[in-house]
Amino acid sequence: MRLTSSRQGGKLIFALAGELDHHEAGGLMGELEERIEAAAPRDCVLDLEGLRFMDSSGIALILKLYKRMNATGGRLFVENVQSQPMRVLDASGIDRMVAIEPSPAPEKK
Amino acid sequence: MKEQNSVRFEFPSLSANEGFARGAVACFAAQLDMTLTELGDVKTAVSEAVTNCIVHAYPDSIGPVHMRLRILEDGVLEVQVKDRGRGIEDVDKAREPLFTTGGEDRGGMGFTIMESFMDTVKVRSKVGAGTTVTMRKRVERRRAAR
């Protein structure tokens, strides 16, 4: 799992790459919270273009991030979701709370 | 259902083994000509079942996780994940979406995901003795390896 963050105007963008499971999610939320504290962004974007696997640990992480942003009146956008993580998000119904955008060029096959 | 191939293995309930379990299932399932979507579904269900062992079966200790993978007739893949942990008091409750005893780090979606992505999910559990989850998925319009 690789995490990189960048700033675009009032948005803090987190890019996750690799596989997000319970093992990887362990220290990740703390790291995201620290970076949010430091940058105090208006909104937050989770860019999942490089995330090739995610299980329900990812749902819990997105929900926590959503609540964290909501607490300060900010929004969370989840973008560039690949096909396997998208199926997990679809099954969870989390799109009723969080804006989710699939990858513009879905994987073939 | 007649068995065509099977493999068994055991590992300690360390979270680093979640990725191993997914990879092992993917290797075994390669004998069935699955689509990427089907393979992704199976890997996700396995990830949930193994994570349940690590988080819930052995919350304060490390214990053995047993896995048995089988290819049955008509292109059916069966995955069994078994632990000797603390067991589930109320299986029906545990299967409800958003129910969790794992705190807010867990979403309570594990069984919901397993049920969405596999054709059948059976859970047998006894408090103090452990839990066995047996899941099956049929690979559509493809034939199993001979």
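What percentage of the 109 residues in chain A do buried residues make up?

Modeller: The model is predicted. In chain A, 40% of the 109 residues are buried. A residue is counted as buried if 20 or more other C-beta atoms lie within 10 Å of its own.

The secondary structure of chain A consists of five strands and three helices. Read from the N terminus, these elements follow the order β-β-α-β-α-β-α-β. For 109 residues the globule rule gives 13 Å, and the radius of gyration of chain A is 13 Å, close to that value, so chain A is as compact as a globular protein of that length. Along the principal axes, the C-alpha atoms of chain A fill a box of roughly 40 × 25 × 25 Å.

Of the contacts with a separation of 6 or more, 69% are between residues 24 or more positions apart.

Chain A also touches chain B: 18 residues of chain A are in contact with 25 residues of chain B. On the chain B side, the elements that give two or more residues are α1 (17-29), α2 (36-57) and α4 (110-117) of chain B. The largest share of that side, eleven residues, comes from α2(B). Sorted by class, the side of chain B that touches chain A has twelve polar, seven charged and six nonpolar residues.

Conventions. Residues numbered from 1 in each chain as written. Chains lettered and ligands numbered in written order. Predicted model: local features only at pLDDT ≥ 70, side-chain atom pairs only at ≥ 80, totals over all residues. Contact = placed C-beta atoms within 7 Å. Helix = DSSP H or I, 4+ residues; strand = E, 2+ residues; numbered from the N terminus. Nonpolar A, V, L, I, M, F, W, Y, C, P; charged D, E, K, R; others polar. Rg over C-alpha atoms; globule rule 2.2 N^0.38 Å. Buried ≥ 20, exposed ≤ 12 C-beta atoms within 10 Å, placed from the backbone.
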